[in-house]
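Hello,

Here is the structure I promised to pass on. Please have a look at it first, and then read my notes below.

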Amino acid sequence: MAYSYIHFFLFIFLLPFNTSAQNNGTVSVGSTLTANETSRPWLSPSGDFAFGFWKLQEKDQFLLSIWYAKIPDTVVWFNNTLDPVSQGSTVDLDQTGLVLRDPQGRLLWKTDLADDVDHGFMNDTGNFIIKRNDNLNLWESFYFPADTILPMQDLLPGRSVLISRKSETNFTRGRFYLRFLENGNLVLTTKSNPRNEKDDDEYYNSQTSDAANNGLASGIRVVFDERGSMHILRRNNQTADLVKINA
């Protein structure tokens, strides 16, 4: 079980590589991907990131995910509420967003947005975004992290949770949970069973809550910038460093 812990944090600091531009990253409404070994994913403009069905090793199953297209076995986002899907499953981008179905056409998952989706965009930061016709973001994969945080991705209080996977090839939920709580604290905890309501232990607490002053200095955002530095932004615009780097 220690592997989950190491894997979890090594991936946090993996930075993207620069490659030549390949496409504009835009995904039109009506676009479809099919889970098989020949389906081409939706690429970001640089070609660094891919959105699509990633084949699990030695299994006829696929994971709806985002990965580094130039680096083998580097999944950076997946829907950790879903099981892997069978070959022949599809994901469509329609006017309500992403819709995932099994080979028989049964609904497995959807973003379920209002009927005003204009297009999708696979960003060079690794963020898949669903946009309205006025370019407003309706949904972002960055808001629903799995076991990875990427440069330029922020964590928001009460809604951002990272959960380790059990192993390199097993994408079910592992023991370690990184949560940004409503009170402004970033905490690392463990659960022996994902179904347990309570955590087993707390390994880290950023102590960035400020209940004594009505939350005036509480953390409101975990920022991971393009230089690889992480900090918590407080409500009073001050910061609390998590990772220090040499300029």
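A search of the whole structure, which is a predicted model, finds eleven aromatic pairs. Here rings of Phe, Tyr and Trp (its six-membered ring) pair if their centres lie within 6.5 Å; planes under 30 degrees apart count as stacked, over 60 as edge-to-face and the rest as tilted.

One of these pairs joins W42 and F128: it is stacked, at 5.9 Å centre to centre with 20° between the planes. Since W42 sits in strand β3 (residues 42-43) and F128 in strand β12 (residues 128-132), the pair ties together parts that are 86 residues apart in sequence. Strands are DSSP runs (E, at least two residues), numbered from the N terminus. W42 is buried at 11% relative accessibility, and F128 is buried at 0%. For the accessibility classes, buried means under 20% relative accessible area, exposed over 50%, and partly exposed in between (1.4 Å probe, protein chains only).

The rings of W77 and W139 are edge-to-face, because their centres are 6.2 Å apart and their planes stand at 85°. W77 belongs to strand β6 (residues 75-78) and W139 to strand β13, so this pair links parts 62 residues apart in sequence. Both W77 and W139 are buried. W42, F51, W77, W109, F128, W139 and F144 make up one aromatic cluster.

Next, the sheet. Four strands form an open sheet in the order β14-β15-β16-β17, with antiparallel pairing. β14 and β17 (201-205) are the edge strands, each with a single partner, so one side of each has no neighbour in the sheet. From one strand to the next, the twist averages 20°; axes are lines fitted to C-alpha atoms, and angles run from 0 to 180 degrees between N-to-C directions. Over four bridges, β14 pairs with strand β15 (residues 173-180) in the antiparallel sense, where pairing requires at least two bridges found by DSSP between two strands. Within β14 you will find I163, which stands opposite Y177 in β15. I163 is buried, with a relative accessible area of 6%. Its C-alpha atom is 8.4 Å from that of T148, 15 residues away along the chain.

There are also four cavities of 30 Å³ or more. On a 1 Å grid over the protein atoms alone, a cavity is a set of points where a 1.4 Å probe fits but cannot get out, and lining residues have an atom within 4 Å of a point. The second largest cavity has a volume of about 50 Å³, volume being the space filled by probe spheres set on the points, which are joined across faces, edges and corners. F62, L63, L64, N79, L82, D83, V85 and L100 line this cavity. Strand β5 (residues 61-68) gives the largest share of that lining, three residues.

Two loop residues other than glycine have a positive phi. M152, with phi near 80°, lies between β13 (137-140) and β14 (161-165) and is partly exposed at 45% relative accessibility. N237, with phi near 70°, lies between β19 (230-234) and β20 (239-243) and is exposed at 62%.

Finally, the conventions. Residues are numbered from 1 along each chain as its sequence is written, and side-chain values use heavy atoms, with hydrogens and water left out. As the model is predicted, local features need pLDDT of at least 70 and side-chain atom pairs count only at pLDDT 80 or more, while totals for chains, interfaces and linings use all residues.

Best wishes

How values were computed:
On a 1 Å grid over the protein atoms alone, a cavity is a set of points where a 1.4 Å probe fits but cannot get out, and a pocket is an open set with protein on both sides within 12 Å along at least five of seven lines; lining residues have an atom within 4 Å of a point.
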